[in-house]
Amino acid sequence: AALAVRGHWTLSAVLVAVSAAGLWLFARGFLLTRMVLPDRSDASALPYADLPAEASAGAACEWYPPKFERAVVLVVDAMRVDFAAWSDGLSTTAGAAEGQIAEQRAGRAKPYHNRLPVLATLGARRPEQTMLYRFRADPPTTTLQRLKGLTTGQLPTFIDAGSNFAGSAIDEDSWLRAAVAPRCGARRGRNLVFLGDDTWTSLFPRELTDTQAAEGDTAQWNASTAGWARVRPFPSLNVWDLDTVDDGVFSRLPLFLLPPESAEKDMAAAQADELRARRLQWRQLVRQPHMWAHADFGNASAAGGMASSSVGAEQLHRDWDVIIAHGLGVDHCGHRFGPDHPAI
């Protein structure tokens, strides 16, 4: 009997030891932690010391000049590659008979197929400037972790997954930090526009600080070295709401991409009509009428709406350097209904 009891205790000790070892291995291999590097890139610093003399000739300012003066970063959350890819086999041309269309699409076409023809059009017209890549993300794939990876190039970890609902600021180098830095030889930083998912503002509170209120003090603003910024975040955690974030993006983008209404008086009639038609197309994308009650769509004069006494409506259109727009409608529709639902 004594041997039997001792055997049970030995077996229990072995099981506890094996379980503890398994838990330790799991924690070390799965719940990874990573070091945050304090280094910051600098456009005036050479990438390595033995750079050839001809390559370092302009290093006093920036060793590699930017390829583009302006950039628009549009993030469509949860957009799968089959949402973007065009399929001729699922297209319904105007010349096809109704029976042929029904037969062609039956059992194969999904609500999201061929909904973005602009990508296929750009690929055909400008093949050297348009690329569609399939990006495969390792888990975790929550928004906060993906944004960390996309902006810093670092690999997110599962230990960060709980931070998706209360993200902390990113302390490492990122392209967003570089995007708002002053140009080569410029006194002010670049001008930034952000619209969409409020996760960005929790990750980049310093870079994404709206300056509209500060621009009211003209003397203080003129003495500042920061570029102007328009930051409009929208709540991202209500997955039942398919429209608010996207409406916030669609309603404000034309304020920067199109000339202000006050500029129409100096245009030819045909040009002004075309501008009004484009503005109407943007307006029709907004599904919630109450969106237009916001103060951003007030007086569009030099000091109204999204303008200020220091940065007028024309400057908002002409002088922006980077626009970041992050829509959530596709992601919320996927959570609520799934990708095969007509609402997609």
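Keep in mind that the model is predicted.

Start with the whole chain. There are 344 residues, and 31% of them count as buried. The chain has 12 helices and 4 strands. Take contacts between residues at least 6 apart in sequence: 66% of them join residues at least 24 apart. The accessible surface is about 21400 Å², with 59% belonging to carbon and sulfur atoms.

Now the second largest pocket. Its space is about 880 Å³. The lining has 28 residues, and the closest to the centre are A43, E62, P66, A178 and R190. Two elements give two or more residues to this lining: β1, at 71–76, and α6, at 175–179. Which element gives the most to the lining? That is α6, with 4 residues. By class, the lining has 16 nonpolar, 9 charged and 3 polar residues.

Next, helix α12, residues 329–336. Its buried residues are G329, D331, H332 and C333. What do they pack against? Their partners are α9, at 244–257, and β4, at 322–327. Just after α12 comes G338, with a positive phi of about 95 degrees.

On to salt bridges. The structure holds 11 of them.

Pair one is R287 with D243, at 3.1 Å, N to O. R287 sits in the loop between α10 and α11, and D243 in the loop between β3 and α9, so this pair ties together parts 44 residues apart in sequence. R287 is exposed, at 62% relative accessible area.

Pair two is R279 with E264, at 2.7 Å, N to O. R279 is in helix α10, E264 is in the loop between α9 and α10, and the two are 15 residues apart. Are these residues buried or exposed? Both R279 and E264 are buried.

D273 counts as partly exposed, at 44% relative accessibility. R276 is also partly exposed, at 41%.

Last, the network. Salt bridges with shared partners join D210, R232, R252 and D296 into one network.

Terms used:
Residues numbered from 1 in each chain as written. Predicted model: local features only at pLDDT ≥ 70, side-chain atom pairs only at ≥ 80, totals over all residues. Heavy atoms only, no water. Buried < 20%, exposed > 50% of the residue type's maximum accessible area, 1.4 Å probe, protein only. Contact = heavy atoms within 4.5 Å. Areas by Shrake-Rupley, 256 points an atom, 1.4 Å probe, with all protein chains shown as cover. 1 Å grid on protein atoms, 1.4 Å probe; cavity = no way out; pocket = protein on both sides within 12 Å on 5 of 7 lines; lining within 4 Å. Points joined across faces, edges and corners; volume = space filled by probe spheres on them. Nonpolar A, V, L, I, M, F, W, Y, C, P; charged D, E, K, R; others polar. Salt bridge = Lys/Arg side-chain N within 4 Å of Asp/Glu carboxyl O.
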